[in-house]
There are 2 protein chains.
Amino acid sequence: MDISTYIRSIAADAKDASYKIANANTNIKNKALIEIAKLLLDNKQSLIDANKIDMENAKNKGLEAAMLDRLQLTEKTVDSMAEGLLQIASLPDPVGEMDDFAFRPSGIQVGKMRVPLGVVGIIYESRPNVTADAAALCLKSGNACILRGGSEAINSNLAIAKLIYQGLKHAGLPENAVRLVEQTDRAGVGEMLKLSEYIDVIVPRGGKSLVKRISEEARVPVIKHLDGICHVFIDESADIDKAIAIAINAKTSRYGTCNTMETLLVHQNIATNVLPILADKYCEKGVELRACERALPIIKDKAIPATEEDWYTEYLAPILSIRIVDDLQQAIEHINHYGSHHTDSIVSENYSNTQQFLRQVDSASVMVNASTRFADGFEYGLGAEIGISTDKIHARGPVGLEGLTGQKWIVFGSGQIRG
Amino acid sequence: MDISTYIRSIAADAKDASYKIANANTNIKNKALIEIAKLLLDNKQSLIDANKIDMENAKNKGLEAAMLDRLQLTEKTVDSMAEGLLQIASLPDPVGEMDDFAFRPSGIQVGKMRVPLGVVGIIYESRPNVTADAAALCLKSGNACILRGGSEAINSNLAIAKLIYQGLKHAGLPENAVRLVEQTDRAGVGEMLKLSEYIDVIVPRGGKSLVKRISEEARVPVIKHLDGICHVFIDESADIDKAIAIAINAKTSRYGTCNTMETLLVHQNIATNVLPILADKYCEKGVELRACERALPIIKDKAIPATEEDWYTEYLAPILSIRIVDDLQQAIEHINHYGSHHTDSIVSENYSNTQQFLRQVDSASVMVNASTRFADGFEYGLGAEIGISTDKIHARGPVGLEGLTGQKWIVFGSGQIRG
């Protein structure tokens with residue numbers, strides 16, 4: 001079977017199964033999730049063995065260390081996959097929720113019901129744990145899914161998928177509700193991106209180049225984020241202790257995450273108070289500082305000049321750009337212009353300024369007096385996330401179970417006709 | 001200026017203006033809407049004069065009668081445009097609404113704020129009234145918009161747009177918040193569809209071929225519907241009077257609308273009771289009936305055989321296909337397979353069957369004991385609609401002001417950092 005026929009047949013199977021999984025009740029879906037968690041733990045060694053083949057192949061191909069790290073399954077990662085599944089089982093089921101019902105003058109009563117999207121295509125790279133996480137989120141939200149992991153993880157993914165199929169069967173759910181793409185030719189991804197008759201949404205998870213390629217090619221809606229160029233703005237009225245704690249945490253608690261601050265904006269009237277302290281702390285932690293012309297004299301020995309390009313850059317590394325702004329308005333303009341509409345935070349004690357910042361910053365998450373690092377499905381109470389969206393339609397920010405559903409209109413009538 | 005540069009410059013202007021309109025308060029937006037309504041009424045004759053040029057050109061080009069009808073502005077259509085604007089002014093403003101706030105274990109409080117999408121591109125055909133309607137919906141929902149109407153309506157659209165710009169200016173809003181595309185080269189549409197850096201969503205309004213082309217080409221999210229293949233299913237337990245009233249109304253109250261029933265499904269155990277009565281009534285109204293093999297003998301002289309193709313067809317005409325089904329399950333499968341996920345209704349007195357139908361029919365609107373003709377922004381209480389979506393992500397069904405907004409996450413902290 002050629003790759004195009006193969007992908008179409010998988011997608012058609014998933015679409016069929018999607019109608020069944022959409023109507024499965026919560027207990028049955030949870031039964032499957034709990035069984036899969038159990039199977040993962042019971043088959044830990046065989047998962048790790050399958051993973052060893054992938055690791056071996058990857059080393060022989062000379063894959064870089066970071067990629068090997070993402071690829072590896074250990075006892076600990078299998079445990080946390082299983083734990084993730086149990087957590088998802090414990091979350092409330094969004095499917096079938098009804099609200100906003102109101103009678104209309106015609107006598108009909110109109111409201112909305114939350115329903116699965118249908119078939120979700122997940123396209124990811126080397127992390128095998130995504131196979132279990134993504135399948136579980138789709139299953140709980142009543143969606144069928146097509147999992148297209150990287151070719152370098154195929155043995156690990158096959159081993160995990162086998163257990164997922166067993167778990168689905170155990171609960172009496174169609175095994176086609178989760179389909180792992182076993183032929184990992186690159187052309188298969190292109191094929192998935194065209195299948196709008198079968199696939200309702202694509203979620204790419206991986207590096208920027210993967211996400212960019214997918215969002216450019218897709219004929220199917222995509223939930224994605226490209227960049228996380230997050231800002232903290234220290235306003236004139238900021239509480240200094242909060243400002244320092246937040247600015248340090250937002251940059252240094254982890255460097256490689258999308259909700260890490262990449263640019264620090266500081267109000268001109270507070271700059272000399274906070275920047276020297278911050279520069280010392282950043283230097284202690286080995287963070288390279290790139291400062292605007294106005295900030296440089298204040299932290300001279302500790303920074304190099306920032307270029308225009310820096311304001312557009314997601315470093316994902318111990319590098320921070322720093323700019324002094326005239327006022328709140330200039331901070332907001334900087335964020336909306338250079339940022340990636342991901343997560344931005346103001347540190348301020350001024351009520352009106354916080355209100356204006358919340359309203360005018362055009363980002364998926366806008367915060368007051370909190371670290372940008374909180375932008376995360378777990379921290380927001382979603383229980384888990386399939387990704388973070390910087391798009392403006394459908395789900396914005398961390399996407400959990402609700403983001404994998406939509407709402408249809410429900411009309412209760414008693415024989416009404418339209419005049 | 002070539003068309004590509006022209007469209008880019010318009011879109012960049014609209015993006016700039018979108019930040020201002022997003023933060024305009026409700027009173028100011030309403031002031032603009034009321035002023036535009038007044039200007040339309042005060043300049044009725046000059047609008048009709050401008051429209052006469054378009055009508056003349058269209059006649060000379062040999063445009064068909066239906067198109068001329070859509071193009072024409074009369075005193076009555078101008079009055080109803082003005083009335084539409086006043087209605088939109090009277091609707092509640094969705095922008096800035098906040099809800100779902102909850103404290104998280106970390107101490108942050110997380111919720112959502114409703115915000116405009118940014119820049120909405122409307123691509124439409126010959127109806128000049130869309131210029132006012134669409135601009136008003138975008139304005140009220142805090143979005144900037146780019147209006148690309150058909151070249152045949154350009155004089156009418158220019159005349160209307162001039163009044164919109166005046167109204168915006170009167171209220172102190174940026175005129176660029178509404179931009180009419182004055183160069184109507186076909187290539188301009190293709191250009192808009194690529195400008196994801198400036199345009200946040202495209203709403204095509206027009207015939208199926210326009211919508212299809214746009215959704216295939218767009219690199220920007222599209223809110224659209226392609227087909228309205230709506231069904232009424234008369235269940236075994238249906239109240240006969242309700243069933244007949246609804247089946248007649250859903251088909252014959254208007255033939256050309258997307259929420260008109262195109263296929264009638266009838267449970268086998270009620271078919272001989274309802275079909276002869278319905279066939280008589282449809283014939284009186286001149287509706288051609290195309291029936292399945294089982295229905296044909298019941299209404300023999302009044303129907304011709306339906307083909308497989310009929311089940312997939314949106315007639316938009318006095319033609320109806322009729323199929324007898326074994327049971328509820330077969331009705332649901334028919335609808336999900338052949339339908340367009342627009343609007344479907346069950347006529348039934350059986351509680352469990354209505355519940356199953358509501359849950360399992362995968363359409364934007366699912367109804368019990370009501371005519372499909374109610375699927376409409378006004379009937380649902382949205383006040384107005386910019387279109388109807390059969391997509392599953394973002395807005396589904398009639399799209400009003402709320403469908404032109406999204407939700408961003410808001411975090412209120414008091415200095416929290418992530419551990």
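Predicted model: local features only at pLDDT ≥ 70, side-chain atom pairs only at ≥ 80, totals over all residues.
**Exercise 1. Work out how chain A and chain B are related.**

Step 1: A turn of 180° with a shift of 0.0 Å along the axis does it, and the RMSD is 0.0 Å.

Step 2: Look for the axis in the model. In chain A, the residue that comes closest to it is A:His394, with its C-alpha at 1.9 Å.

**Exercise 2. Describe the side of chain A that touches chain B.**

Step 1: Start with the counts. On chain A, 58 residues are in contact with 58 residues of chain B.

Step 2: See which elements take part. Those that each supply at least two residues include strand E2 (109-116), helix H10 (240-252) and helix H14 (351-360) of chain A. The most comes from E16(A), which gives 11 residues.

Step 3: Sort by class. You get 24 nonpolar, 21 polar and 13 charged residues on this side of chain A.

Step 4: Compare the two chains. The copies meet through the same surface, because 100% of the interface residues of chain A are also interface residues in chain B.

Step 5: Zoom in on the strands. E13(A) runs parallel to strand E16 (residues 405-416) of chain B, and 5 bridges join them. Within E16(B), B:Phe412 is the residue that stands opposite A:Val368.

**Exercise 3. Find the residues with the most contacts inside the largest nonpolar core, then follow one of them.**

Step 1: Find them. The core has 271 residues, and A:Cys145, A:Ile202, B:Cys145 and B:Ile202 have the most contacts inside it.

Step 2: Follow B:Ile202. Leaving aside neighbours within four places in sequence, its contacts include B:Gly121, B:Ile123, B:Met192 and B:Val222.

Step 3: Turn to helix H8 (residues 186-194) of chain A. Its buried residues are A:Gly188, A:Val189, A:Glu191, A:Met192 and A:Leu193.

Step 4: See what they pack against. In chain A, the partners are helix H1 (3-22), strand E3 (119-124), strand E4 (144-148), strand E6 (201-205) and helix H9 (208-217).

**Exercise 4. Decide whether B:Leu264 is buried or exposed.**

Step 1: Locate B:Leu264. You'll find it in strand E8 (residues 261-267) of chain B.

Step 2: Count and judge. B:Leu264 has 26 other C-beta atoms within 10 Å, and the cut-off for buried is 20 or more, so B:Leu264 is buried.

Step 3: Setting aside neighbours within four places in sequence, B:Leu264 is in contact with B:Val232, B:Ala247, B:Leu320 and B:Ile322.

Notes
Residues numbered from 1 in each chain as written. Chains lettered and ligands numbered in written order. Core = buried A, V, L, I, M, F, W, Y, C linked by C-beta atoms within 7 Å. Buried ≥ 20, exposed ≤ 12 C-beta atoms within 10 Å, placed from the backbone. Contact = placed C-beta atoms within 7 Å. Least-squares fit on C-alpha atoms with pLDDT ≥ 70 in both. Helix = DSSP H or I, 4+ residues; strand = E, 2+ residues; numbered from the N terminus. Nonpolar A, V, L, I, M, F, W, Y, C, P; charged D, E, K, R; others polar. Pairing = 2+ DSSP bridges.
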